[in-house]
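I opened this entry to record what I looked up, in the order I looked it up. The structure comes before the notes.

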Amino acid sequence: MNTRDKLDALSKNLWWSWHPRARGLFRRLNPEVYAAAGNSPQAALENLDPEVLADATFQADVDAVYARFQDYMDRAPLVDDAPTTAYFCMEYGLHESLPLYSGGLGVLAGDHAKTASDVGLPFTAVGLFLREGYFKQSFDAEGWQQDDYPALDPDNHPMTRVTDDDGDPLMVTVQIGEQPLHVQAWKIALGRTDLYLLDSDLDANPEALRSLTTRLYQGGDRERIQQEIILGIGGLRLLRALGETPEVYHANEGHCAFLMLELLRERLDAGDPLPDAEAWVRERTVFTTHTPVPAGHDRFAPPLFEEQMAPFRKALGLSSKELLAYGREDPSDATESFCMTVLGLKLSRAANGVSKLNGHVARQQWQGMYPEKSLDEVPIGHITNGVHLPTWTAEPARAFLREHLSGDFETEQHKPSFWAPLGDLDDETLWHYRTMLRKRLIAFIDKHVKEQTLPQQPALNPDALTIGFARRFATYKRAPLIFTDLERARALFSDSERPIQLIYAGKAHPADDGGKRFIQRIYEISQQPGFHGKVIFLEGYNMEIGRMLVSGSDIWLNNPRRPLEASGTSGQKVAAHGGLNLSVLDGWWPEGYTGDNGWAIGPEPTGDYGTADAEVQDEQDAESLYTQLEEHVIPTFYDRTDGIPEAWVAQMRNAMTGLPAPFSAQRMVFDYVEQMYRTPALS
């Protein structure tokens with residue numbers, strides 16, 4: 001293969017998205033086009049600089065990266081005899097050039113699928129082809145978020161239409177009410193994992209239904225149940241059309257739980273009695289629930305459910321009452337809506353939350369389904385989320401780790417022993433590392449804000465304490481909490497002797513005016529004396545901005561209302577970069593916090609949903625946040641000996657050696673294999 005062919009092969013597999021040297025090749029081909037297209041290899045290839053392609057050094061670099069890719073694809077699995085698994089999720093966060101995600105659920109699914117490839121699981125992922133994705137963020141003159149939906153052209157991305165043996169698009173059909181809907185699929189190669197995205201935008205479909213797979217989390221309950229029919233029922237039918245019969249089906253959130261009803265239909269069609277068919281489905285299905293808020297679970301009113309599912313119900317040979325019972329906590333209540341989470345719990349052999357606390361909240365939330373069991377006996381366990389470190393660890397950080405760690409980052413990152421040598425590094429080396437990454441972030445911010453619609457004039461100090469906050473702007477995440485007492489906050493930001501600066505990024509759901517008001521308020525504060533130039537909002541939150549912020553921030557701020565943070569994996573990404581968490585003890589942080597590797601906001605969690613008054617909690621947590629900053633975080637950062645904050649570096653050392661391994665996606669996937677994919681039914 002010549003250099004151009006090798007680049008073409010590399011571009012067609014998203015392996016490049018978690019290998020900085022591979023991304024660097026495409027950037028070198030045409031930096032301007034690459035960046036303008038959201039860091040897209042395809043765009044760079046189509047507009048490459050011939051002189052770069054002809055350069056002998058560049059060709060040698062391509063050869064080296066391609067050889068590494070081949071070695072990766074041929075590498076022996078890290079798990080022996082893992083069951084073949086199909087993983088269903090509504091969204092996937094893979095790379096900023098593919099906006100198929102809105103937030104943590106999608107990024108988690110993308111990290112899970114990538115890690116399955118890394119460890120060599122026989123693993124297939126299924127989702128929706130969200131042609132217009134979530135949305136592109138911009139702002140009007142008042143700082144109010146605007147939503148734009150540029151269409152994604154599959155020809156310009158590493159995806160191929162799935163075809164049959166004759167080369168024609170492979171189609172499956174689902175029933176949307178009485179209307180047949182034809183669905184095609186696009187395939188994305190994620191290393192050794194295949195991801196299939198379902199697409200209803202076909203001329204053969206009614207105009208009103210063609211856009212069902214176009215946008216994420218848009219429309220009302222009718223559009224939502226229709227999307228979920230496509231994902232769960234259509235996704236399983238696609239796998240069958242491809243000849244795939246996995247041993248395990250993993251439903252990641254209730255959005256895809258209809259796959260369990262389609263499995264049930266298959267067994268009934270094969271002649272199984274209903275009890276045997278149900279048992280067969282349970283033996284092969286596992287379910288992950290994330291949402292700790294009752295209102296966050298998909299529920300469909302009985303008339304809507306019956307309207308949309310009537311043909312499928314008839315195919316099952318069940319009455320309306322019998323089918324609705326699978327999604328009802330109380331099957332005898334004819335008024336109760338159909339809940340997708342209840343369906344997932346009833347027809348799976350094992351269920352889990354995504355942190356220890358989240359598992360407890362889930363057991364509390366669904367205890368009513370198991371009246372004969374105590375809270376601890378409710379059959380919902382937990383596997384704490386982890387992050388795909390190759391995706392989220394910055395290129396200069398990986399160079400630092402290669403220099404100071406002797407093991408193989410790609411295969412040993414889940415082992416505490418791999419990170420242990422960082423504990424022997426001297427203070428000066430670690431502090432230089434932290435300073436280098438902070439300066440890199442500030443350079444990125446200075447460039448990024450010049451292209452924003454939201455005016456920002458950064459006056460950032462490369463040596464100042466830099467705080468990062470980036471996530472969905474859901475109101476429970478309380479992005480403006482630090483500004484609860486504006487004058488107390490102003491005093492912190494105005495201190496020239498101990499300067500601090502705060503970088504925000506995030507999107508509010510287009511229908512969430514409360515989240516939009518939070519962004520607007522932060523923008524307004526950023527223009528005020530004392531905050532101007534030191535509080536910055538980065539427009540267009542995506543995975544690139546996320547990577548930059550988790551790598552460059554000294555402090556990762558996370559202050560949701562307890563216990564509404566299912567896991568909150570963004571804070572897990574900072575430790576490899578020497579960043580420290582300042583977080584409410586919610587999600588993963590109660591498991592990671594030791595008292596000497598970051599700071600906690602507020603009291604110890606109780607895990608009792610709905611018992612804390614929100615206004616009281618906000619006041620208490622704001623006071624705790626100010627106290628931590630004033631008495632601990634800021635003094636520790638600026639108490640220096642020969643220019644080195646020794647106590648701060650000690651916290652860094654503890655975080656860097658103690659957090660990356662247990663909160664890596666490799667550890668998470670190994671746990672899923674052993675506790676969920678291999679394990680028989682919970683009893």
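I took contact to mean heavy atoms within 4.5 Å. With that rule I looked up leucine 261, leaving out residues up to four places away in sequence, and found that it touches Met309, Phe312, Leu316, Leu323, Tyr326, Leu343 and Leu347.

Before going on I noted the basis of the work. The model is predicted, so local features need pLDDT of at least 70 and side-chain atom pairs count only at pLDDT 80 or more, while totals for chains, interfaces and linings use all residues. Residues are numbered from 1 along each chain as its sequence is written, and side-chain values use heavy atoms, with hydrogens and water left out.

**Cores**

I called a residue buried under 20% relative accessible area, exposed over 50%, and partly exposed in between (1.4 Å probe, protein chains only). A nonpolar core is then a set of buried Ala, Val, Leu, Ile, Met, Phe, Trp, Tyr and Cys residues joined through side-chain atoms within 4.5 Å. Which residues have the most contacts inside the largest nonpolar core? I listed Leu121, Ile188, Phe258, Leu261 and Tyr677, in a core of 129 residues. Apart from it lies another core, of 75 residues, including Val107, Val535, Ile555 and Phe663. In soluble globular proteins, nonpolar side chains tend to be buried together.

**Whole protein**

I counted helices (H or I, at least four residues) and strands (E, at least two) as DSSP runs numbered from the N terminus. The protein has 27 helices and 20 strands. Its C-alpha atoms fill a box of roughly 80 × 65 × 50 Å along the principal axes.

I took the radius of gyration over C-alpha atoms, and the globule rule as 2.2 Å times the number of residues to the power 0.38. For 683 residues a compact globule would have a radius near 26 Å, and the protein agrees with this because it has 25 Å. Of the 683 residues, 60% count as buried. Among contacts between residues at least 6 apart in sequence, 74% join residues at least 24 apart.

**Single residues**

I looked up histidine 157 in the loop between strand E4 (145-148) and strand E5 (160-161). Histidine 157 counts as buried because its relative accessible area is 13%. Not counting residues up to four places away in sequence, histidine 157 touches Gln42, Ser97, Leu98 and Leu152.

Tryptophan 599 is in strand E20 (residues 598-601). At a relative accessible area of 7%, tryptophan 599 is buried too. I also checked tryptophan 599 against arginine 267: they are 332 residues apart in sequence and 52 Å apart in space, C-alpha to C-alpha.

**Backbone**

Where is proline 563? I placed proline 563 in the loop between strand E18 (555-558) and strand E19 (580-584). A cis peptide bond joins arginine 562 to proline 563, with omega about -10°.

I noted a positive phi of about 55° at aspartate 81, which is not a glycine. Aspartate 81 is in the loop between helix H6 (56-74) and strand E1 (85-88). Is aspartate 81 buried or exposed? It is exposed, because its relative accessible area is 72%.

Arginine 478, also a residue other than glycine, has a positive phi near 55°. I found arginine 478 in the loop between strand E15 (465-470) and helix H21 (486-493). Arginine 478 counts as buried because its relative accessibility is 3%.
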